[in-house]
Amino acid sequence: MKTDRSIRLLLSVIAAVLAANLFVRAGTQPRTAMAAGIPDSGAQMQAMVDQLKDLNKNVEGLNTYLQSGSLTVKVKDPKGDK
């Protein structure tokens, strides 16, 4: 019976410490979440447009290279495939 009481007491102490930790953390964290990065939505959209333009340039270059026919693929014959 003594071990049962001590286990209940220990679990109660742990629950109290966890509840206190929850209240302390809830009081220190800001209530509103700020988005990381550029705070201005217009500037954020412009940055996305600029990145898309760069991506399109890269894809156009790759597409031109593929359509030129100068791409060659070499496959090595596996030696000793066991």
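**Figure 1. Nonpolar surface patch.** Leu 62, Tyr 65, Leu 66, Leu 71, Val 73 and Val 75 make a nonpolar surface patch of about 630 Å². Patch residues have over 30% relative accessible area and no salt bridge, with nonpolar side chains (Val, Leu, Ile, Met, Phe, Trp, Tyr) joined within 5 Å and like charges within 9 Å. Areas come from the Shrake-Rupley method with a 1.4 Å probe, and for residues only the protein chains shown count as cover. The model is predicted: local features need pLDDT of at least 70, side-chain atom pairs count only at pLDDT 80 or more, and totals for chains, interfaces and linings use all residues. Residues are numbered from 1 along each chain as its sequence is written, and side-chain values use heavy atoms, with hydrogens and water left out.

**Figure 2. Leu 71 and the end of helix H2.** Leu 71 lies in the segment that follows helix H2 (41-68). Its relative accessibility is 41%, so Leu 71 counts as partly exposed (buried is under 20% relative accessible area, exposed over 50%, partly exposed in between; 1.4 Å probe, protein chains only).

**Figure 3. Helix H2 from end to end.** The end C-alpha atoms of H2 are 40 Å apart, which agrees with the 40 Å that its 28 residues should span at 1.5 Å a residue (the expected span is 1.5 Å times one less than the number of residues). The protein has two helices and zero strands; these are DSSP runs numbered from the N terminus, helices being H or I with at least four residues and strands E with at least two.

Figure 4. The side chains of Asp 4 and Arg 8 form a salt bridge at 3.8 Å, N to O (a side-chain nitrogen of Lys or Arg within 4 Å of a carboxyl oxygen of Asp or Glu). Asp 4 and Arg 8 are four residues apart in helix H1 (residues 2-28), and therefore about one helical turn separates them. Asp 4 is partly exposed at 35% relative accessible area, whereas Arg 8, at 58%, counts as exposed. A search of the whole structure finds one salt bridge.
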